[in-house]
Structures are given as structure tokens and as C-alpha cells.
Amino acid sequence: MLLSRLVTLRRASRPVPPLRRLATSHFLRMSAPHEAPPPEKVAANVEGEGAAQTKTAGKEAKRLEKAAKFAAKTAKTPAPAAPANNEKKKPAKEPKAEEPAFVNNTPPGEKKDLSEPMAAGYNPIAVESAWYDWWNKEGFFKPQMGPDGRPTSTGQFVLPCPPPNVTGSLHIGHGLTVAIQDSLVRWNRMLGRTTLFVPGYDHAGISTQSVVEKRLYKASGKTRHDLGREKFLETVWDWKHDYQGRITKQMERLGGSYDWTRVAFTMDENLSRAVSETFCRLHEDGIIYRANRLVNWCVKLNTTLSNLEVEQKELKGRTLLNVPGYDEKERFEFGVITSFAYPIEGSDEKIVIATTRPETMLGDTAVAVHPDDPRYKVRVCLG
């Protein structure tokens, strides 16, 4: 009876996988000719499967109960009401009134007038104005000496400003270097040292001449030769005064703590004498000397240029470039090597010459070869 009940329960459950079916049939076949398994073992199996089914049924009941509660809650929740047309709108923010432009009413050199109301936001022009003139007038940037008129016992710190060229106005790079230099100067001044920050300007002769010539030609179509030496020098000095003034204003706006009573220009008489003296000493010591060397010759300025003043340009192949001194619309060929052959007199052989200037062929009178080159052991002449 227990055996038949076990078979009935197995059939009532979900389909048994093939392996379980095989095990069940095998169990039935093996059990038939022998005695039935102990009643307590069969009862344990029946009770275990019944408990599993009861647990599964309980989970299913809980799931259905939760689903019913969720459906009821959803049905009770009212749909969102459409916004009423008469709903009050938030008042628009009134635009902020623009603050009047800052006007510096402090007389030059006087301590800044702080009686004006403070601006609502940070205004660098309003904050920085007037202070620098007062600092300069009070002599805050001059070196502070000891009671005996000598540098203080804490030491001294002197920094000549690397003079910017008067070829043009300062750029962002100058702003960086001035900030670094002035930080060092102010730090040493705070340490109580006798500190000096010397301002100056560099004439940058060839570069300045070049930019002045370009401006002159663009404005009037004239060259320095059209003006003559004296008139052209006047034009260059006018340029120098103009841009030196601009640079000075920029250096002041940057807040550099320069001692403006010691401002220098590289063509000042005392500095020119110092340069001449230095070169004479270097020549006497054999450090500098005259010699024949390949130089960078400028066909427009008719003078030599240092390597620092030459713009190196690498050409990958044939390139058309403008040449200074010629029409800007005219282009000349560069980056091409031309090969041609000279026949050797009394022979069928030829010497191939490769050059970037084939037009010089008309002036050739001989070909020079290396005496140790095995290809040219025999003396050759042009045919």
C-alpha cells in the first residue's frame, strides 16, 4: 500500500526528468521481486515531498496576496490633476542695475581715496588703481640702507630686470616672468634685506630696424634709403619712445616693484661704454677674435644676422617662397636639387654635379674633387 501511494504521488507531481523516470522504473523493477523497503523509509520520503509542496504553495499564496494589495493601492491613487490655469506664477526677477563705471578721483601720487562705496563685485581696475603711484612716490621700492648708509646686516639682493625689446608691447610671457621676478624681490625685501629691482629696456637694434622698416613701407611705401640716414634714425627713435612708454605702463600695471629712479636703456651712454670696454677686454684676452666664417647674410638689411635672428625652415621638397627685397607676390623655387653632367675631355665618362643653384653653371671654370677619392685618381679637365 505504501509503495502504490509513493507511485501515485510521483505521478501527480510535475513531469519527472528522464533520469528520475529511469531511476523510478528501475526502483520499481528492482523492488518487485524483493521485499518492500522499510515502512519508515517510505514514510520519510512521502513526508519530505509533502513539506516541499506545502512550502511552494505558501510562497505562491504570499505572491498573489502582494499582487492583490498593489492592484488595490493603484486603484485608490487618483490621477494627477491638470495644472490650473489660475495658478499664480512666480514673479520674474528684476535685472540688476549696472554699476556705474569706476572713476579714479585720487590725485596722482596721493594715497588712494577709500571714501567711495565698495563695489558689489570684484573690480580689478577699482581695486588696483592709484596704489602704484603712491607706492612709487613714497619710495617703497628703493633699496633700504642701514643707519650707516650701507646695506643692512641681513644682506642684499639685486635683480636687474631682463630688459624687454622695444620692438613691440609686452605679451603674456612677460607677465609670467615679471610675476616670478617680483615675487623673489618682494620676498627678500620682507626678509629685511637691502633689495633693488632695476628696470630697463633693450634696443634690439636689428629687430627694431626691421619692424620699423616694415611699418614705414606699409604706411608710405618708402624704404630707409628713400628717407636717408638722419631721417630714418629719427623714425627709429620715435618708435623707441612710443613703445618704451607703452612697456612702462604695462610693467606698472603688473605691479613690479622696480626702482624707477634707476631705469636703464641698453644704448645709454654709460651702458654703451661698458659694452665697448667689455668687448675690448675679451679681445685682449683672446676670447673673441676676427676670422673668416660662414655667416647668415640678409639681402634686405645688407648685414649679417646671428643664428638667433634666423628662422630655420626645413623643406621636404620643391617649395615656392617669397624673398625679402622682391615683390611680395613673386615666389622663387627652393628645395630642388638639379643634377647635370660635365663631359671629361678625351673620354666618354662624365662627372655629375648636383646643386641647388644650376644657374651658376655658366660661370664654372673647373671641377674640384677630393684627392683621396678613388673615382677621381686621373686628372680631369672640362670639355
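Tutor: In the hairpin of β9 and β10, 6 residues lie between the strands, and Gly346 takes a positive phi near 75 degrees. The model is predicted, and each value below is computed from it. Strand β9 covers residues 338–343 and strand β10 covers residues 350–355; the two run antiparallel and are joined by 6 bridges. Phe340 and Tyr342 are both buried.

A positive phi also occurs at residues other than glycine. Ala130, which is not a glycine, has a positive phi of about 75 degrees. Ala130 belongs to the loop between α4 and α5, and its relative accessibility of 12% makes it buried. Ala204 likewise has a positive phi, near 45 degrees, without being a glycine. Ala204 is placed in the loop between β3 (200–201) and α7 (205–220), and it counts as buried at 13% relative accessibility.

The aromatic pairs come next. The chain has 11 aromatic pairs, with ring centres within 6.5 Å as the criterion. Through ring pairs, Trp131, Trp134 and Phe140 are linked into a cluster.

The charged end of Lys240 sits over the ring of Phe265 at 4.3 Å from its centre, while that of Arg246 sits over the ring of Tyr243 at 4.4 Å from its centre.

The largest nonpolar core has 15 residues, and Phe197, Tyr201, Met251, Tyr258 and Trp260 have the most contacts inside it. Helices α6 (172–190) and α9 (229–253) are the elements that give two or more residues to this core. Leaving aside residues up to four places away in sequence, Met251 touches Cys161, Leu170, Pro199, Tyr201, Gly256, Tyr258 and Trp260. A second, separate core has 6 residues, among them Val212, Val236, Trp239 and Tyr243.

Leu114 is exposed, with a relative accessible area of 62%, and lies in the loop between α3 (39–76) and α4 (124–128). Its C-alpha atom is 10.0 Å from that of Val127, a residue 13 positions away along the chain.

For the chain as a whole, there are 10 helices and 10 strands. Of its 383 residues, 18% count as buried. The chain exposes about 30,800 Å², of which carbon and sulfur atoms supply 57%. Among contacts with a separation of 6 or more, 55% involve residues 24 or more positions apart.

Note on methods:
Residues numbered from 1 in each chain as written. Predicted model: local features only at pLDDT ≥ 70, side-chain atom pairs only at ≥ 80, totals over all residues. Heavy atoms only, no water. Phe/Tyr/Trp six-rings, centres within 6.5 Å; stacked < 30°, edge-to-face > 60°. Buried < 20%, exposed > 50% of the residue type's maximum accessible area, 1.4 Å probe, protein only. Lys NZ or Arg CZ within 6 Å of the ring centre and 35° of its normal. Helix = DSSP H or I, 4+ residues; strand = E, 2+ residues; numbered from the N terminus. Contact = heavy atoms within 4.5 Å. Areas by Shrake-Rupley, 256 points an atom, 1.4 Å probe, with all protein chains shown as cover. Pairing = 2+ DSSP bridges. Core = buried A, V, L, I, M, F, W, Y, C linked by side-chain atoms within 4.5 Å.
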